[in-house]
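Subject: Structure handover

Hello,

I am passing the structure on to you below. My notes on what was found follow it; please read them with the model open.

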Amino acid sequence: MKRYSFSNLILVLGLFFIYLPMVLLVIYSFNASRLVTVWGGWSLKWYAGLLDNSQLMGAVMRSLEIAFYTAIAAVALGTMAAFVLTRIPNFRGRTLFGGLVTAPLVMPEVITGLSLLLLFVAMAQLIGWPAQRGIVTIWIAHTTFCSAYVAVVVMARLRELDQSIEDAAMDLGARPWKVFFLITMPMIAPSLAAGGMLSFALSLDDLVLASFVSGPGATTLPMEIFSAVRLGVKPEINAVASLILLVVSLATFIAWYIGCRAEKRRVRAMRQAMDDSNANPTWHQPIDSHKVRTPPSAHS
């Protein structure tokens, strides 16, 4: 009993430590005072003032755009890398390729950002592209970083699948690309969704890579907040953070609700199948060889 109570206490303290700062952030976003540390009553003027803050709202829209494109590109590249590493066991350079795919997971972001900056500068000198660093270079950097996470998630799912289903489909005449899109893709869809959401969150949250590869007019939301916090936390930042928390919470709730609905439908279908099998017990009765009438032979 004491162990159970201690575990509950640790769980409550852990959740309290994680979510209390978020609750305080949301509360102070309704603070009427411009000073964050001084409570001046409840007000919505900072949310209304966001529409007039074109610089902050531009950074928000820019970050959302980059995160959306990063999620799509990272899912595509990460899925292809995971499929190669799991479905093609032996090829020349497999160990090197696997190391290159997972290297961004353990590589410090400062090293990755500096190397990408040097790459873009060298490319601009050799071929003239990119002429200036901006949204495209940030998107390339985020895709490079997030593809590793998608590859790890999808590889874990592909290793759990029964490959005999794919082999049976190809034995029946299906093309490999048709097997991939009609059989493999639906089975790994949850991992693709998880990788996409993870890539979106990582891109929206990134500060280090964007600081290295961004240019004038390509300031993301983390960069804007980081530069503003140096002079003190503004109430508009609390309002933007609260809106992001609201959107993330709604997206998480919708994903949880859809997953619960799918699980309930699956359980209901299994129960219906069991009820049908119980309602027709003759399907499972063994055949009595004594009751089977043997047809007369041709000689008789």
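Thr-112 is buried, because its relative accessible area is 14% and the cut-off for buried is under 20%. This threonine belongs to helix α5. Leaving aside residues up to four places away in sequence, Thr-112 touches Met-107 and Leu-209. Please keep in mind that all of this comes from a predicted model.

Pro-130 sits in the loop between α5 (109–126) and α6. The peptide bond leading from Trp-129 into Pro-130 is cis, and its omega is near -5°.

Then helix α4, which covers residues 94–106 and has 13 residues. From its first C-alpha to its last, α4 reaches 19 Å, close to the 18 Å expected at 1.5 Å a residue. Where does α4 have a kink? The kink lies at Leu-100, is about 30°, and comes shortly before the proline Pro-104. Pro-104 is also one of the buried residues of α4, together with Gly-98 and Val-101. Against which helices do the buried residues of α4 pack? They pack against α3 (54–87) and α6 (135–160).

Helix α3 also packs with helix α11, which spans residues 221–229. The angle between α3 and α11 is about 145°, and their axes are 8 Å apart. On the α3 side, the contact consists of Gln-55, Leu-56, Ala-59, Val-60 and Ser-63; on the α11 side, Leu-221, Pro-222 and Glu-224. Sorted by type, the residues of this contact are five nonpolar, two polar and one charged.

Within α11, the buried residues are Leu-221, Pro-222, Met-223, Glu-224 and Ala-228. Besides α3, the buried residues of α11 pack against α9 (189–205), α10 (208–213) and α12 (235–279).

Last, the cysteines. A disulfide is a covalent bond between the sulfur atoms of two cysteines. How many disulfides does the model have? The count is zero, by the rule used here, which asks for a pair of cysteine sulfur atoms within 2.5 Å. Cys-146 is buried, with a relative accessible area of 1%, whereas Cys-260 is partly exposed at 27%.

Regards

Note on methods:
Residues numbered from 1 in each chain as written. Predicted model: local features only at pLDDT ≥ 70, side-chain atom pairs only at ≥ 80, totals over all residues. Heavy atoms only, no water. Buried < 20%, exposed > 50% of the residue type's maximum accessible area, 1.4 Å probe, protein only. Helix = DSSP H or I, 4+ residues; strand = E, 2+ residues; numbered from the N terminus. Expected span 1.5 Å × (residues − 1). Bend = angle between axes of the 7 residues up to and from the residue. Contact = heavy atoms within 4.5 Å. Axes fitted to C-alpha atoms, helices over the stretch in contact; angles between N-to-C directions. Nonpolar A, V, L, I, M, F, W, Y, C, P; charged D, E, K, R; others polar.
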